Structure formats: structure tokens, C-alpha cells
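Subject: Handing over the model

Hi there,

Here is the structure I promised to pass on. Please have it open while you read, and my notes follow below.

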Amino acid sequence: MENVSGAYDERLIQKYGERSFMYTEYPNLRFWSKTNDAEFRHALKSFLLHDKDMPFLLYIHIPHCHKQCLFCTCEVIISSKYDEVKRYLTYLYQEINLFRKFFESIGVTPNIREVHFGGGSPTYLHEEEFDELVHHLRTIVDFSHLEECAIEIDPRHVKPERMRYYAKKGINRISFGLQDFDPLVQKAVDRVQPAFLVERLLTPPLKKLFTNGVNFDIICGLPHQTVETIRKTAERVVQLAPDRVCFNYLHMRPDIFPHQLLMESLPSNRERKILFKTASEILEQGGYVRVAYDHFALPADDVAQARSGGK
């Protein structure tokens, strides 16, 4: 892993410039097969009984967003009608209840050690609905024994007082989908969020509330990105000093997400490689440890410590 960015040169860019990849799950979805309710219950029961102490991460998906970001490949529902959010939650509560009954029927309480609220925009939920969601989750999750409880923050719709609320609810890690700090790039992907919106949520007192740290998501290969703009974005990231940075390539699947076709002036694959190299070097020079292909962390962070320890 040492000096990985130094492995990039013109020959490699020419050889692999037309190839790129994106991994968000393993195994990849193309290797998944359909299953029915009975098969799912049998598999889950066998898995839970095999090792009752195995730690689990529970992911809660809130798909609703105020507006469609053009780069997005997440499962989202664009809506301004909050009643639709409440309706979705009623079905989510039913699913939580089904899991509770299933766990009771096999006499096993899963060892859930982490909870992650993602989306969409989980911060779309008002405090009343978030309270209600946590109440239902407590029927299957012991929040007092969680090692981590994280939420994705949309800085365009969250104010400092909401950050303090999340901390009181037990959230100890926050994640920001920043993508890029350049105004032209933000406009081109229809996600305009000036840097001050992020900075006001990361003052030292607020940052200190989230003891497990702060994550940033940055995307390489967005419209109008240049070496200069990606350099400034990476330098701004170093200045704000999140504990972890996910810096991945834009995943293009317009056959599934046709809104991506509205993006113009996308960098070529060769240009993307150069952008990635530029920003990666700035992050590493700024003190970040490269802990995976597209993930970086400060040396004191758990994943950097685990990497250095060979875990």
C-alpha cells in the first residue's frame, strides 16, 4: 500500500484508461440469486445460530430526498410531500416488527454492534419521526451497547441545533456527501452546497460531540472537474480534517439511472485517472493514510490503526 499513487504513470493510464470499476457490495449484485421467504428465514436462522456472538451492522435506509442529484445511483424517492415519508415509515416499522418476532421465535437476539442511517437523506426525517424510528429499533437493538451509531448528513437541510439533537440520540459518527467543493461542479450535478454550510456544522464544539468521527464522501469524474478544481477540493478536505475520506469514481449507469444523462462535460477515463492521482497525493501529503483503494483515514482513526497493525 505504501506510495500507491506513485504507481500511476502514463503507461498505466494508457493501458487501463478505458477500464474502471465500482464496488459497493460483495458479492456483486450480478451474482445474487432470487430467494423466497422460507429460504430467507432458513438462511438467517442458520446464520444466527451458527455464531450467536457474531457482531452485526444494521443499515436503515431512508430513501426520500428533496431533489435529485444527477450523479446519484442510490435507491431514492424524490418528494416534497412529507406524508409519503410517514407512509414509508409505517412499512419500515412493520418490517422491524417481523424481525423482532422472528428473533423471538428462534430464541436469538442478534449482536447488533453498529447502526447506520443512510439514504436518500435520513436527515429528511423530522425529529418526531426520528424519535419514533429509534423507539421501534430499540425492540431489536440495544443502543446502550452499540460501538457505533452513524448517520448521513445533508448540510443543505441540517442546522447546528439538529446536530446537537443527533448527538443526544446516540449518534457518534456523521458522514457528509460533499462530492466536490467547486461551485461549477456542484451546479452541474444539481447539488449546490457552499462550503460554509459544511463548516458551520463542523465547529470544534459540534465536532467533539461525535466521538467516533466524521466522514467525507468525494467523487472523482464529475462534470467540469479539472486538476485545479480537484486540487482545491482535496486541499479543503485536508483543512477541514475529517477522520475518514471516501474518494471514489463516479459510477455511471444511465441505463438504470437516466437522470445521469443530464450531466455534461464529464472527464474522460484518462482524465479521471489523473484527477484521482492528483487528489490522492494531496490527501496523503496532508497526513491521511490510504487504507483501501479509495478510502483514506487520519493516522489516529481506527481503520488506519487496524491497517498498521495488520488486522
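This is a predicted model: local features need pLDDT of at least 70, side-chain atom pairs count only at pLDDT 80 or more; totals for chains, interfaces and linings use all residues.

First, the overall picture. The chain has eleven helices and ten strands. Of its 311 residues, 43% are buried. Among contacts with a separation of 6 or more, 78% are between residues 24 or more positions apart. The accessible surface of the chain comes to about 17,200 Å², and carbon and sulfur atoms hold 54% of that.

Next, the sheet. Eight strands make up an open sheet with mixed pairing, and their order is β1-β4-β5-β6-β7-β8-β10-β9. At the edges sit β1 (55-62) and β9 (289-292), each of which pairs on one side only. From one strand to the next, the twist averages 20 degrees.

- β1 and β4 run parallel and are joined by eight bridges; H61 has G118 in β4 as its bridge partner.
- β4 and β5 also pair in the parallel sense, over four bridges, and V115 is partnered by C149 in β5.
- β5 (residues 148-153) and β6 (residues 173-179) run parallel with four bridges between them; here A150 has R173 in β6 as its bridge partner.
- β7 and β8 pair in the parallel sense over six bridges, with Y249 in β8 as the bridge partner of C220.

Strand β4 (residues 111-119) is largely enclosed by the rest of the structure, because seven of its nine residues are buried. In β8, six of six residues are buried. Both faces of β8 are covered, with R244, C246 and N248 buried on one side and V245, F247 and Y249 buried on the other.

What does helix α9 (residues 227-240) touch when it packs on the sheet? It touches β7 and β8 (244-249), and its direction makes about 175 degrees with that of β7.

Beyond its neighbours within four places in sequence, I219 is in contact with F71, Q179, Q225, F247, N248, Y249 and L250. The C-alpha atoms of I219 and Y249 are separated by 5.6 Å, although the two residues are 30 apart along the chain.

Now to the helices. α3 (residues 82-106) and α4 (residues 127-137) pack with their axes 10 Å apart, at an angle of about 5 degrees. α3 is therefore roughly parallel to α4. On the α3 side the contact involves Y82, K86, L89, L92, Y93 and I96, and these meet E129, E132, L133, H136 and L137 in α4. By type, the residues of this contact divide into seven nonpolar, one polar and three charged.

Not counting residues up to four places away in sequence, H64 touches I77, E84, V85, Y88, G120, S121 and Y124.

G120 brings me to the backbone. Most residues other than glycine have a negative phi, and most peptide bonds are trans.

- The peptide bond from G119 to G120 is cis, with omega near 20 degrees. G120 is placed in the loop between β4 and α4.
- D190 has a positive phi, near 60 degrees. This residue is partly exposed, with a relative accessible area of 27%.
- H224, in the loop between β7 and α9, has a positive phi as well, near 70 degrees. At 30% relative accessibility, H224 counts as partly exposed.

That is my tour of the model. Enjoy looking through it!

Best wishes

Definitions and conventions
Residues are numbered from 1 along each chain as its sequence is written. Side-chain values use heavy atoms; hydrogens and water are left out. Contact means heavy atoms within 4.5 Å. Two strands pair if DSSP finds at least two bridges between them. Helices (H or I, at least four residues) and strands (E, at least two) are DSSP runs, numbered from the N terminus. Axes are lines fitted to C-alpha atoms, for helices over the stretch in contact, and angles run from 0 to 180 degrees between N-to-C directions. Angles under 35 degrees count as roughly parallel, over 145 as roughly antiparallel, 65 to 115 as roughly perpendicular and the rest as oblique. Ala, Val, Leu, Ile, Met, Phe, Trp, Tyr, Cys and Pro count as nonpolar, Asp, Glu, Lys and Arg as charged, and the others, Gly among them, as polar. Buried means under 20% relative accessible area, exposed over 50%, partly exposed in between (1.4 Å probe, protein chains only). Accessible areas come from the Shrake-Rupley method with a 1.4 Å probe; for residues, only the protein chains shown count as cover.
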